[in-house]
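I kept the cut-offs beside the terms, for anyone who checks the entries later.

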Amino acid sequence: MGWVNAIIQGILTGGLYALFACGLSLMFGVMKLVNLAHGDLATVAAYIGIGVIAVIHIPFLWSVPIVVAIMAALGYVLQRSLFQSAINRGELTTLIVTFGLSIVIENALLQFFTANSRGIGTGSSLISSSFSIGAGLQIAWLDVVIFALAVVVLLSLQYFLSSSKYGRLIRAVADDREAAQLAGADYRHVFGIAAALAFCTVALAGIAYGMTTVVSPTTGTDTILLFAFAAVVIGGLGSLWGTLVGGIVLGVAQQIGAQINISYELLAGYIVFLAVLVIRPQGLTTRRSQS
Amino acid sequence: MSVTTDATVRSEEKIKVTRSRRNVAWTGLGAIVVVVVLALFPYIVYSGTTAIMVQGLIVLTIASMWNLLAGYAGLVSVGQQAFFGLGAYFVLIPAMHGLSPFLSLPIATVGAGVAAFPLWWLVSRLRLGYFAIATWVLAEAVALFIEQIQSIGGGTGMPLPGFAGMDPKLLAAYTYWAALVVAVLAIAAVYFLLRSRLGLVLTAIRDDETAARTSGVKVGLARLLVFVVAAAGCGAAGGVLAIDQLQVVPGTSGGVFSVQWTAIMAFATIIGGLGTIEGPILGTAVYMILEQTLQSYNAWYLIILGLVAIGIALFARRGLWGLVDDRFNIRLFPVGYYLWSPGERRRRPGRQAEGTAGVAG
């Protein structure tokens with residue numbers, strides 16, 4: 001029974017990992033920006049969530065839109081200022097700037113909030129409750145909710161990018177910046193909007209992570225960024241559904257590893273990641289079309 | 001490609017090509033004097049000073065390695081802490097079997113270099129951003145793997161044996177000399193590598209990878225060589241850290257596998273000047289000054305260092321050494337070529353930078 005449980009838990013955790021990966025994937029797809037501060041920004045979102053609940057004493061659910069709005073604004077501002085100037089100067093500068101940002105955020109969190117881990121207090125009984133399917137299989141409602149959230153976020157992103165007017169504009173700018181510029185689109189603003197959108201998913205990822213477990217200043221790099229990246233690589237670049245598959249594979253691998261020995265949890269995930277990197281570098285879901 | 005240009009130029013016997021506008025013999029002599037003076041430090045300064053300098057030399061070594069990777073080969077690795085940590089373990093493991101930790105430093109160097117081969121095989125296909133995160137994931141995986149081995153301390157680490165009964169002052173002096181030797185060898189290795197054919201190859205790749213590839217440059221091989229050398233250098237530095245701290249603590253936050261090591265090497269390099277040998281030296285000095293003045297404020301020095309590095313990456317891409325170079329037009333470690341215009345003489349006053357061929361600036 002332990003194995004079935006591990007697989008089910010792994011699938012559900014995979015939703016969370018896909019949520020981590022959304023923003024990373026989107027920023028890379030649109031602006032060709034590999035954001036090494038991605039995980040730390042998600043951690044910042046979780047800390048903002050904790051702060052908002054603690055300071056203005058609102059119910060948890062009300063804090064979510066506030067955090068998402070703050071992060072979206074931050075995303076737009078960061079893209080228009082720091083990220084855009086880095087992109088203008090080439091990919092090497094982008095990496096240096098986002099890596100610098102990552103270390104700055106991590107240490108700033110350490111400085112202001114200490115190394116202690118914190119969780120987001122939801123104050124709702126739904127979150128801590130679970131339901132049982134068959135003998136010995138307990139599934140937490142929270143995990144189901146987060147998985148559903150990830151699917152909804154991926155679906156809406158997919159729909160937004162492929163079918164809405166603004167989504168098409170974003171894709172046009174991503175494909176050919178100059179041509180879109182000639183057609184009257186201000187690519188900087190479009191990039192800003194895309195970043196704001198990506199940061200919305202980053203905010204949700206941070207909050208979701210803070211709800212399922214606890215966040216600490218190093219969570220951003222040693223968990224969120226690396227898991228997000230592993231999910232993207234396993235699933236295949238540039239495919240949102242691939243990201244979900246990648247997240248699920250990573251989650252299942254980790255849970256199976258943990259089932260063998262609790263200390264193998266993370267290692268098992270990375271081994272699968274490395275195996276995919278060697279055997280199928282294009283990812284599990286994408287076909288070998290372009291090199 | 002550049003080699004042939006060089007040869008044609010020489011065959012015409014009209015234009016002189018040298019490594020530098022100035023006579024480098026003086027710089028070389030200066031470098032030797034500096035190293036000798038540094039080697040005498042344990043006799044002339046307090047051991048507290050040499051202890052700080054050991055840290056500085058470790059940072060200098062790893063920064064020079066990161067500079068070779070990112071500045072010359074375009075490989076932005078965020079996983080150098082893997083080799084740094086492995087180096088520390090390659091000193092610890094022989095020491096547990098009775099070998100002197102100082103004698104283990106070559107083992108750490110070679111061991112980390114050898115470990116770079118399989119890891120390179122995993123990441124060699126990736127470029128820039130994905131290379132950066134993939135090396136980070138690899139470093140994390142290496143750390144997790146090492147932490148599984150209980151006989152070398154598992155997740156908690158181990159004290160370094162082998163120095164029982166040794167005079168602490170003597171140990172401090174030996175540690176300092178070991179750190180100095182490692183740092184000097186690292187810089188010398190980078191300098192001579194870049195003066196060799198590899199330097200030309202890397203410059204060709206940096207300027208136009210496709211053109212270099214079609215001209216028969218073995219791009220993959222050049223990058224592999226740089227990756228291995230950088231891993232070996234980081235391994236040696238990690239070994240020195242193990243001797244300096246008299247223990248090896250793993251762990252990705254605070255231990256030898258912490259990404260902060262890569263942050264330090266990257267920031268020091270960027271602040272000093274990416275893509276120059278002088279840059280990491282200057283950057284290490286800045287790093288040490290910041291670290292020493294702000295050390296009572298916990299994490300602040302890394303925050304400030306990160307902000308300065310971001311600022312420099314955006315607004316002064318060639319770093320502090322770039323500013324020095326712009327003003328005085330000097331290179332202590334000339335690895336490029338200087339093209340003399342016909343009739344031009346050495347030590348002509350004024351800035352004649354327009355005549356610089358600048359093969360490898």
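**The segment after strand 4 of chain B**

I looked up Ser341(B) and found it in the segment after strand 4 (338-339) of chain B, where helices (H or I, at least four residues) and strands (E, at least two) are DSSP runs, numbered from the N terminus. Ser341(B) is exposed because it has 11 other C-beta atoms within 10 Å; a residue counts as buried if 20 or more other C-beta atoms lie within 10 Å of its own, exposed if 12 or fewer, and partly exposed in between, with C-beta atoms placed from the backbone. I also noted that the C-alpha atoms of Ser341(B) and Ala116(B) are separated by 44 Å, the two residues being 225 residues apart along the chain.

**Conventions and confidence**

I am reading a predicted model, in which local features need pLDDT of at least 70 and side-chain atom pairs count only at pLDDT 80 or more, while totals for chains, interfaces and linings use all residues. Residues are numbered from 1 along each chain as its sequence is written, and chains are lettered from A and ligands numbered from 1 in the order in which they are written.

The model scores ipTM 0.88 and pTM 0.87. Chain B averages a pLDDT (the predictor's confidence in each residue, from 0 to 100) of 85, and 88% of the residues score at least 70. Over residues 348-361 of chain B, pLDDT stays under 50, and the model has 21 contacts beyond four places in sequence for them, a contact being two residues whose C-beta atoms, placed from the backbone, lie within 7 Å. Where pLDDT is low, the predicted coordinates should not be read in detail.

**Chain B overall**

I recorded 15 helices and 4 strands for chain B, and buried residues make up 48% of its 361 residues. Of the contacts in chain B with a separation of 6 or more, 76% are between residues 24 or more positions apart.

**Where chain A touches chain B**

How many residues does each chain bring to the contact? Chain A gives 35 residues and chain B gives 36 residues. On the side of chain A, helix 3 (60-88), helix 4 (91-113), helix 10 (219-235) and helix 12 (265-279) each supply at least two residues, and helix 4 gives the most, with 15 residues.

Leaving aside neighbours within four places in sequence, I found Val137(B) in contact with Leu226(A), Phe229(A), Ala230(A), Tyr270(A) and Phe273(A).

For helix 10 of chain A, 17 of the 17 residues are buried, so this helix is largely enclosed by the rest of the structure. Just after helix 10, Gly236(A) takes a positive phi of about 110°.

**Two loop residues with positive phi**

Lys32(A), in the loop between helix 1 (2-31) and helix 2 (38-56) of chain A, has a phi near 55°, a positive value in a residue other than glycine. Leu246(B), in the loop between helix 11 (219-245) and strand 3 (247-248) of chain B, has a phi near 60°, again a positive value in a residue other than glycine. Leu246(B) is partly exposed because it has 14 other C-beta atoms within 10 Å.
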